[in-house]
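This report describes one protein, from its charged surface patches to its overall fold. Please keep the sequence and the structure in view while reading.

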Amino acid sequence: LQMLERQVVGGEQAKNKDLKEKRKRQKKYADERRMQLVAALQQSDEDSSDWVLLNVYDSIQEEVRAKSKLLEKMQEKLRAAETEIKDLQSEFELEKIDYLGTIRRLERDLLLFQQLLDQVQSLVRRDCNYSNLEKIKHQSIWDEENGCWKIPEPVIQRTHLP
């Protein structure tokens with residue numbers, strides 16, 4: 001009877017050593033994985049109240065209290081995130097207003113300089129290379145190192161009559 005029990009316990013392949021080894025490896029892997037999960041949960045930046053999902057409670061009131069604390073904590077995080085979003089949006093809005101003001105000021109300055117050039121161009125001598133502004137624009141080169149334009153030197157071309 002005992003001999004029959006030993007053969008029956010563990011199923012039909014109770015004496016199969018490969019199957020026993022496979023079961024041991026699976027059990028060892030499952031234990032290691034469980035330990036890794038427990039370690040990861042303990043090392044998380046959240047405190048022990050997040051273990052609310054893993055706890056076994058003695059009463060419903062205890063479970064409700066634990067979940068209420070977790071809910072309050074999550075609501076506090078939500079409020080903090082919403083405040084952060086509002087701060088970022090207001091900061092962005094201020095920067096946007098500042099940039100728009102800068103653009104408007106630069107456009108006014110550009111218009112002023114354009115009008116000055118138009119007025120002064122008629123006063124430049126015709127034999128000077130600055131009498132043709134389009135030509136000067138094409139000859140000018142932007143210098144990246146110094147952050148300024150390199151404009152050709154003014155030259156007066158004298159014509160000698162025979």
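## Charged patches and overall fold

Aspartate 98 lies in helix α3, which spans residues 60-121. The model in which this residue is placed is a predicted one. Is aspartate 98 buried, partly exposed or exposed? The relative accessibility of aspartate 98 is 49%, so this residue counts as partly exposed; the label "exposed" would need a value over 50%.

Aspartate 98 also belongs to a negative surface patch, together with Glu84, Asp87, Glu91 and Glu95.

Lys17, Lys20, Arg23 and Lys24 form a positive surface patch. One of its members, lysine 20, is part of helix α2, which covers residues 17-43. Lysine 20 has a relative accessible area of 43% and is therefore partly exposed.

The table sets the two residues side by side.

| Residue | Helix | Relative accessible area |
|---|---|---|
| Aspartate 98 | α3 (residues 60-121) | 49% |
| Lysine 20 | α2 (residues 17-43) | 43% |

The fold as a whole comes next. The protein contains four helices and two strands, and along the sequence they follow the pattern α-α-α-α-β-β. Of the 162 residues in the protein, 7% are buried. The accessible surface comes to about 15,400 Å², and carbon and sulfur atoms account for 57% of that area.

Which share of the contacts with a separation of 6 or more joins residues 24 or more positions apart? In this protein the share is 27%.

How values were computed
Residues are numbered from 1 along each chain as its sequence is written. This is a predicted model: local features need pLDDT of at least 70, side-chain atom pairs count only at pLDDT 80 or more; totals for chains, interfaces and linings use all residues. Side-chain values use heavy atoms; hydrogens and water are left out. Buried means under 20% relative accessible area, exposed over 50%, partly exposed in between (1.4 Å probe, protein chains only). Contact means heavy atoms within 4.5 Å. Accessible areas come from the Shrake-Rupley method with a 1.4 Å probe; for residues, only the protein chains shown count as cover. Patches are made of residues with over 30% relative accessible area and no salt bridge: like charges are joined within 9 Å, nonpolar side chains (Val, Leu, Ile, Met, Phe, Trp, Tyr) within 5 Å. A salt bridge is a side-chain nitrogen of Lys or Arg within 4 Å of a carboxyl oxygen of Asp or Glu. Lys and Arg count as positive and Asp and Glu as negative; His and the chain ends are not counted. The place of a charge is taken as NZ of Lys, CZ of Arg, CG of Asp or CD of Glu.
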